[in-house]
Amino acid sequence: MPTPHYGQPRYRVIADELRERIESGIIPPGTLLPTESTLTTEFRASRGTIRQAIAVLREADLVATEHGRGTYANPRRHESGLDQGSEPETRKRQIPADPELAALFAVDVGATLIEQQRVTRTNGAVGTVVRTYRLLQSNQ
């Protein structure tokens, strides 16, 4: 739970907390934010307040919302840790689910998943490597 908001509107306090998570990399670029219901529970706030906070982040171009899919940390934002003008390297591939991933996704071992690997560099050295996984959709 964030510190008291000292007269600031509640949605601003929540937006500031989420902004910090995005900017610090706790929520990496391209990653789905927690659902509105998860955020309402975490911050003990109404759904409307959470939506206002997300709208603030959207206006700041820190997140993008896709109807029916959710809200993502904006992969196009400028990261302070990146080399000037460099883009993160992103690679996607299909992989078979190992026992751990199969358990997480509640699928059979060997089921096809999409792995996305994102590498950011600082002064030419690897700064972060983020791997995300999702189920292969039948329309891909």
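This report describes the helix packing and selected residues of a predicted model.

## Basis of the values

Residue numbers start from 1 along each chain as its sequence is written, and side-chain values use heavy atoms, with hydrogens and water left out. Because the model is predicted, local features need pLDDT of at least 70 and side-chain atom pairs count only at pLDDT 80 or more, while totals for chains, interfaces and linings use all residues.

## Overall content

The chain has 4 helices and 5 strands (DSSP runs numbered from the N terminus, with H or I of at least four residues for helices and E of at least two for strands). Read from the N terminus, the order of elements is α-α-α-β-β-β-α-β-β.

Of the 140 residues in the chain, 29% are buried (under 20% relative accessible area; exposed is over 50% and partly exposed in between, with a 1.4 Å probe and protein chains only). Of the contacts (heavy atoms within 4.5 Å) between residues at least 6 apart in sequence, 48% join residues at least 24 apart.

## Helices H1 and H3

Helix H1 spans residues 10-24 and helix H3 residues 47-59; their axes come within 8 Å and cross at roughly 50°. Axes are lines fitted to C-alpha atoms, for helices over the stretch in contact, and angles run from 0 to 180 degrees between N-to-C directions. H1 and H3 are therefore oblique to each other (angles under 35 degrees count as roughly parallel, over 145 as roughly antiparallel, 65 to 115 as roughly perpendicular and the rest as oblique). The contact is made by Arg-10, Tyr-11, Arg-12, Ile-14, Ala-15, Leu-18, Arg-19 and Ile-22 of H1, with Thr-49, Ile-50, Gln-52, Ala-53, Val-56 and Leu-57 on the H3 side. These residues divide into 9 nonpolar, 2 polar and 3 charged (Ala, Val, Leu, Ile, Met, Phe, Trp, Tyr, Cys and Pro count as nonpolar, Asp, Glu, Lys and Arg as charged, and the others, Gly among them, as polar).

Val-56 belongs to helix H3 and is buried at a relative accessible area of 11%. Beyond residues up to four places away in sequence, Val-56 touches Tyr-11, Arg-12, Ala-15 and Arg-19. Val-56 and Arg-12 are 44 residues apart along the chain, and their C-alpha atoms are separated by 7.7 Å.

## Helices H2 and H3

The axes of H2 and H3 come within 9 Å and cross at roughly 105°, so the two helices are roughly perpendicular to each other. Glu-36, Ser-37, Leu-39, Thr-40 and Phe-43 of H2 meet Arg-47, Ile-50, Arg-51 and Ile-54 of H3. This contact comprises 4 nonpolar, 2 polar and 3 charged residues.

Thr-40 lies in helix H2, residues 36-43, and is buried with a relative accessible area of 17%. Leaving aside neighbours within four places in sequence, Thr-40 is in contact with Ala-45, Ser-46, Arg-47 and Ile-50.

## Loop residues with positive phi

Most residues other than glycine have a negative phi. Arg-44, in the loop between H2 and H3, has a positive phi near 50°. Arg-44 is exposed, with a relative accessible area of 66%.

Ala-106 also has a positive phi, near 55°. Ala-106 sits in the loop between helix H4 (99-105) and E4 and counts as exposed at 70% relative accessibility.

## Arg-118 in strand E4

Arg-118 is located in strand E4, residues 112-122, and is buried with a relative accessible area of 11%. The side chains of Arg-118 and Thr-90 are joined by a polar contact of 3.4 Å (a pair of N or O atoms within 3.5 Å; within protein, one must be able to donate a hydrogen and the other to accept it, and residues adjacent in sequence count only if both atoms are side-chain atoms).
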